[in-house]
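Here's a quick briefing to read alongside the model. Keep the 3D view open while you go through it.

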Amino acid sequence: MNRADIGLLGLAASSILIAVALAISMWRRLGLERSLLWSALRALVQLLIVGAALQLVVDDDDPLIFSAIWLVVMHVFAAYTTWRRARDVPSVFPLSLAAYSASAAVTLGVLFGFGVYELEGRTIVPLAGIVVGNSLSATVLVSRRLFDAATERREEIEGRLALGLSARDAFQPILRESLRTALIPQIESTKAVGIIALPGAMVGLILAGVDPADAVRVQVSVMYLVLGSVATTTAVMSVGISRQLFTPAQQLIRRS
């Protein structure tokens with residue numbers, strides 16, 4: 001028996017938990033009933049569509065070009081989402097697209113280059129999704145913090161420039177602080193894994209009947225993947241944004 005197949009009845013039964021959330025919202029008069037229902041329905045529809053689309057890439061004989069197309073679409077949509085959340089950041093779309101692409105090249109290059117996983121659609125697409133999904137929030141966070149700091153701490157930056165520091169050196173403390181802020185949540189969640197919470201990939205493998213030791217090895221590689229991807233994406237993004245904030249003459253650009 002496939003332990004991962006919960007069937008339609010199991011899926012329907014799990015929706016009782018949505019009813020629990022709705023009951024709590026109504027009990028405490030939170031006014032979140034519509035949002036809860038919409039998010040649950042949207043997640044179901046989106047995952048059903050993705051599940052059907054994944055049939056094009058998960059079989060061993062499926063051409064890798066389908067996986068490549070999937071990755072391109074994934075990265076473009078992630079860059080668009082970043083732009084929507086940080087529209088006032090200069091050149092945020094091309095910079096975030098470059099950051100996601102660089103992160104995928106580094107992290108997937110390591111995992112596939114060293115033979116950690118086989119190069120096939122069933123590994124490329126899920127791992128790339130983990131890279132983008134976990135990097136998105138950190139990318140938006142570091143983008144907004146850098147841009148806001150350029151406005152809020154303008155006098156501090158211009159003071160350093162007046163002392164003869166280059167634009168890079170004048171902005172370096174702020175860049176460092178923003179990177180730390182973006183990376184610390186992921187570092188803390190990595191430290192807590194296995195003690196406070198069991199991560200999703202590991203739980204899914206165990207529910208599917210995989211030996212716990214094998215599930216642990218897969219999960220560890222995924223956690224390292226996430227750390228590397230978030231670090232790479234935020235680093236590329238922060239360097240790109242910091243260069244957009246200064247003129248070629250090493251002057252901080254004034255923005256309204």
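What follows is a short tour, from the whole chain down to single residues.

First, a heads-up: this is a predicted model, in which local features need pLDDT of at least 70 and side-chain atom pairs count only at pLDDT 80 or more, while totals for chains, interfaces and linings use all residues. Residues are numbered from 1 along each chain as its sequence is written, and side-chain values use heavy atoms, with hydrogens and water left out. The chain has 10 helices and zero strands; both are DSSP runs, numbered from the N terminus, with helices being H or I of at least four residues and strands E of at least two.

**The chain as a whole**

- Reading from the N terminus, the elements go α-α-α-α-α-α-α-α-α-α.
- The C-alpha trace spans about 70 × 55 × 35 Å along its principal axes.
- Of the 256 residues in the chain, 32% are buried. Buried means under 20% relative accessible area, exposed means over 50%, and partly exposed is in between, using a 1.4 Å probe and protein chains only.
- Contact means heavy atoms within 4.5 Å. Among contacts with a separation of 6 or more, 68% are between residues 24 or more positions apart.

**The largest nonpolar core**

- A nonpolar core is a set of buried Ala, Val, Leu, Ile, Met, Phe, Trp, Tyr and Cys residues joined through side-chain atoms within 4.5 Å.
- The largest one holds 47 residues, and the members that touch the most others are Ile-157, Phe-171, Leu-245 and Phe-246.
- At least two residues each come from α4 (64-85), α5 (92-113), α6 (121-152), α7 (154-162), α8 (167-192) and α10. The largest share is from α6, with 13 residues.

**How α10 packs against α5**

- Two packed helices are described by the angle between their axes and the distance between the axes. Axes are lines fitted to C-alpha atoms, for helices over the stretch in contact, and angles run from 0 to 180 degrees between N-to-C directions.
- For α5 and α10, the angle is about 150 degrees and the axes are 8 Å apart.
- These two helices are therefore roughly antiparallel. On this scale, under 35 degrees is roughly parallel, over 145 roughly antiparallel, 65 to 115 roughly perpendicular, and the rest oblique.
- The α5 and α10 crossing is right-handed. A crossing gets that label if the near helix is turned clockwise from the far one by less than a right angle, and left-handed if anticlockwise.
- Residues making the contact include Ala-99, Tyr-100 and Ser-103 of α5, and Ser-229, Thr-233 and Val-236 of α10.
- By class, this contact has 12 nonpolar, nine polar and no charged residues. Here Ala, Val, Leu, Ile, Met, Phe, Trp, Tyr, Cys and Pro count as nonpolar, Asp, Glu, Lys and Arg as charged, and the others, Gly among them, as polar.

**How α10 packs against α8**

- α8 and α10 pack at about 160 degrees, with axes 10 Å apart. That makes α8 roughly antiparallel to α10.
- The crossing of α8 and α10 is right-handed.
- Among the contact residues are Phe-171, Leu-179 and Leu-183 of α8, plus Val-230, Thr-234 and Ser-238 of α10.
- By class, the contact of α8 with α10 has 13 nonpolar, six polar and no charged residues.

- Thr-233 lies in α10 and is buried, at 0% relative accessible area. Leaving aside neighbours within four places in sequence, Thr-233 is in contact with Ala-99, Tyr-100, Ser-103, Ser-135 and Thr-139.
- Thr-233 and Val-131 are 102 residues apart in sequence, and their C-alpha atoms are 9.3 Å apart in space.
- Leaving aside neighbours within four places, Thr-234 is in contact with Ala-138, Thr-139, Val-142, Leu-179, Ala-182 and Leu-183.
- Ser-178 sits in α8 and is buried, with a relative accessible area of 2%. With neighbours within four places set aside, Ser-178 is in contact with Val-142, Arg-145 and Leu-146.

**Two residues with positive phi**

- Arg-29 isn't a glycine, yet its phi is positive, near 55 degrees. Arg-29 is in the loop between α2 (16-27) and α3 (33-54), and counts as exposed at 78% relative accessibility.
- Gln-250 isn't a glycine either, and has a positive phi of about 65 degrees. Gln-250 is in the segment after α10 (212-244), and counts as partly exposed at 37% relative accessibility.
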